[in-house]
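User: I'm new to this one and would like to learn how to read it. Could you take me through it feature by feature?

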Amino acid sequence: VQLQASGGGLVQPGGSLRLSCAVSGTIFSINGMGWYRQDPGKQRELVAAIRSGGMTNYADSVKGRFTISTDNTKNLVYLQMNSLKLEDTAVYYCNKIAPPWPSWGQGTQVTVSS
């Protein structure tokens, strides 16, 4: 399985970014995809998940600001991030949930700074 996340960058607080993740090497399914993030020295955390039927779940820290979606025809997973905060700075990864695939890919760096 190959996971290629992109769309990160440097943004000011209050700004927006849209992350994309291309999934290849497997049969794509929305039955459990998620966006995770990891800050240096911290554990990787699941911040958004989308399950069968399009049901979504979000970590409390991003609820109301982030939106996860998929394009099944293109094997893509998106994360729309609005009202970004300093504490959203991290490397963001996409992966299957419960459980994730062993390979995480490079991730994409999101830096929120004034």
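User: Let's start with one residue. Where is the place of Q12 in the chain?

Analyst: Keep in mind that this is a predicted model. Q12 sits in the loop between β2 (9–11) and β3.

User: Is Q12 buried or exposed?

Analyst: To settle that, look at relative accessible area, where over 50% is the cut-off for exposed. Q12 has 55%, so it is exposed.

User: What does Q12 touch, once residues up to four places away in sequence are not counted?

Analyst: Q12 touches V112 and S113.

User: Let's zoom out. How many helices and strands does the chain have?

Analyst: The tally is 0 helices and 10 strands. Read along the sequence, that gives the pattern β-β-β-β-β-β-β-β-β-β.

User: How compact is the chain, going by its radius of gyration?

Analyst: The idea is to compare the radius with what a globule rule gives for the length. Here the radius of gyration is 13 Å, close to the 13 Å given by the rule for 114 residues, so the chain is as compact as a globular protein of that length. As for the box, the C-alpha atoms fill roughly 40 × 25 × 25 Å along the principal axes.

User: And how much of the chain is buried?

Analyst: Buried residues are 41% of the 114 in the chain.

User: Which residues touch the most other members of the largest nonpolar core?

Analyst: The general idea first: in soluble globular proteins, nonpolar side chains tend to be buried together. In this chain the largest nonpolar core has 26 residues, and W35, L79, M81 and Y92 touch the most other members. Elements giving two or more residues to this core include β1 (2–6), β4 (33–38), β5 (45–50) and β7 (66–71). The largest share, 4 residues, comes from β3. There's a second, separate core of 6 residues, with V91, Y93, I97 and W104 among them.

User: Which residues does the disulfide join?

Analyst: To find one, check the distance between cysteine sulfur atoms; the cut-off is within 2.5 Å. C21 and C94 are joined, with S to S at 1.6 Å. This pair links distant parts of the chain, 73 residues apart, with C21 in strand β3 and C94 in strand β9. Both cysteines, C21 and C94, are buried. The count for the model comes to 1 disulfide.

User: Now the backbone. Which residues does the cis peptide bond join?

Analyst: Here's the background: most residues other than glycine have a negative phi, and most peptide bonds are trans. The cis bond here joins A98 and P99, with omega about -10 degrees. P99 is in the loop between β9 and β10.

User: What is the phi of N75, and what is the phi of S83?

Analyst: N75 has a positive phi of about 55 degrees although it is not a glycine. You'll find N75 in the loop between β7 and β8, and at 23% relative accessibility it counts as partly exposed. For S83, phi is near 50 degrees, again a positive value in a residue other than glycine. S83 is in the loop between β8 and β9 and, at 40% relative accessibility, counts as partly exposed.

User: Is D88 buried or exposed?

Analyst: D88 has a relative accessible area of 1%, so it is buried. D88 is found in the loop between β8 and β9. Its side chain and that of R37 are joined by a polar contact of 2.9 Å. Leaving aside neighbours within four places in sequence, the residues in contact with D88 include V62, R65, F66, S83 and V110.

User: What does the side chain of T89 reach?

Analyst: The side chain of T89 reaches the backbone oxygen of L86 at 3.0 Å. T89 lies in the loop between β8 (76–81) and β9 (90–96). Leaving aside neighbours within four places in sequence, T89 is in contact with D39, Q109, V110, T111 and V112.

Note on methods:
Residues numbered from 1 in each chain as written. Predicted model: local features only at pLDDT ≥ 70, side-chain atom pairs only at ≥ 80, totals over all residues. Heavy atoms only, no water. Polar contact = N/O pair within 3.5 Å; in protein donor to acceptor, adjacent residues only side chain to side chain. Contact = heavy atoms within 4.5 Å. Core = buried A, V, L, I, M, F, W, Y, C linked by side-chain atoms within 4.5 Å. Buried < 20%, exposed > 50% of the residue type's maximum accessible area, 1.4 Å probe, protein only. Rg over C-alpha atoms; globule rule 2.2 N^0.38 Å.
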